[in-house]
Amino acid sequence: MNIKLGKYENLGFERPEVVVSDKEYQMALNNIRNSLTKWKDCNELTQIGSKVTIDYFATREGELIPDGKGKNVEFVIGEGEFIGDIEKLLIGLNKNESHVFEVRLPNDKKFKNFQGKKVEYKIRIKKNQRLIYPDSIEEMIQLLQDKELMSATQLENELKDEIYAHKYETRLNELVQEIVDAIVGDSTIHFEQDEITKKSIGMYNKFINHLKQEDMPIEIYYAHNKITPNRFKKKFLKHAEKEIVLNAILDEISKSENISISSKEIMSKKYKYLYQNNLKEDDFDNVKVKIKKDMVRQKTIKFLTQANVE
């Protein structure tokens with residue numbers, strides 16, 4: 001790949017301006033509050049959202065049906081974890097009571113010959129629980145068990161600082177992409193398409209092999225990302241081609257500016273890298289080149305940010 005760099009300094013980009021809104025703060029606070037919720041036994045009547053523990057025995061004309069017996073079965077009423085019609089009938093009841101209900105079974109294969117037929121369920125509610133939320137920030141602080149967290153004001157400040165840092169990093173990454181795109185657009189790049197395609201396919205195969213090594217069924221990955229295999233491959237290869245050109249531009253800039261990494265700088269990242277990637281010390285020599293390349297890339301990106309942001 002032959003590259004003639006265009007202008008890559010003094011491009012006049014503005015420094016990211018980030019503001020944390022009250023809505024963002026409240027959402028983050030609610031996320032913490034929700035993470036601190038817990039189930040607590042109660043003596044109230046069951047309702048939608050109650051977590052109940054039951055024993056049940058289901059028969060038709062005195063005959064036990066398939067999957068018709070269960071002990072200490074736990075589910076949340078209203079979430080469809082048990083038979084829907086029965087969940088509705090369990091609303092407004094006390095624990096430690098037994099009830100008999102006649103329901104029509106759904107057309108589910110697990111009920112075999114009893115699908116759509118009326119069945120008698122004998123149910124005993126053994127436990128009724130409700131979700132307890134911390135009412136105040138002071139209660140949240142107590143549940144967080146952070147000895148350094150002393151007040152509601154401190155929690156608010158630390159939470160807003162975290163939101164700000166995340167938003168700033170996101171905006172900075174977007175800005176770096178805008179700067180590099182501008183440099184690419186102003187540079188002259190000659191390459192063989194076959195070469196780029198070959199490298200892109202290599203990156204794609206490496207990614208698929210990585211998923212296999214992580215015991216991640218590729219079908220689950222596609223389903224999770226709501227994408228078809230062909231569409232994913234096409235999207236990946238397009239992104240890979242762009243990444244190859246971007247890296248070539250960054251390499252050219254690092255050479256032009258004599259940006260390098262010393263052995264001392266590499267060693268300073270050694271143990272952190274080994275820890276983050278679950279590697280042994282003996283593996284370090286095998287990844288040293290990659291670490292150096294990554295560090296040069298980061299230093300080049302930092303240079304471009306400083307050189308182009310007013």
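**Close-up views of a predicted model**

**View 1. The largest nonpolar core.** The largest nonpolar core holds 20 residues, and those with the most contacts inside it are I54, F82, I86, L90, Y121 and I123. Two or more residues of this core come from each of β3 (51-60), β4 (63-76), β5 (97-104) and β6 (118-132). A nonpolar core is a set of buried Ala, Val, Leu, Ile, Met, Phe, Trp, Tyr and Cys residues joined through side-chain atoms within 4.5 Å; buried means under 20% relative accessible area, with a 1.4 Å probe and protein chains only. Strands are DSSP runs of E with at least two residues, and helices are runs of H or I with at least four, numbered from the N terminus. Another core, of 19 residues, lies apart from this one and includes Y8, F13, F303 and V309.

The model is predicted: local features need pLDDT of at least 70, side-chain atom pairs count only at pLDDT 80 or more, and totals for chains, interfaces and linings use all residues. Residues are numbered from 1 along each chain as its sequence is written, and side-chain values use heavy atoms, with hydrogens and water left out.

**View 2. Surroundings of I123.** Not counting residues up to four places away in sequence, I123 touches I54, D55, Y56, I86, L90, E97, S98, H99 and F101. Contact here means heavy atoms within 4.5 Å.

**View 3. β3 and its partner strands.** Of the 10 residues of β3, 8 are buried. β3 pairs with β4 in the antiparallel sense over 8 bridges, and Y56 has G70 in β4 as its bridge partner. Two strands pair if DSSP finds at least two bridges between them. The hairpin of β3 and β4 has 2 residues between the strands, and E61 in the turn has a positive phi of about 55°. β3 and β6 also run antiparallel, joined by 9 bridges; T59 has E120 in β6 as its bridge partner.

**View 4. The largest pocket.** The largest pocket contains about 1,000 Å³ of space. Of its 26 lining residues, K206, N247, K290, K293 and D294 are the closest to its centre. A pocket is an open set of points on a 1 Å grid over the protein atoms alone, where a 1.4 Å probe fits, with protein on both sides within 12 Å along at least five of seven lines; lining residues have an atom within 4 Å of a point. α7 gives the largest share of the lining, 10 residues.

How values were computed
Buried means under 20% relative accessible area, exposed over 50%, partly exposed in between (1.4 Å probe, protein chains only). Grid points are joined across faces, edges and corners, and a volume is the space filled by probe spheres set on the points.
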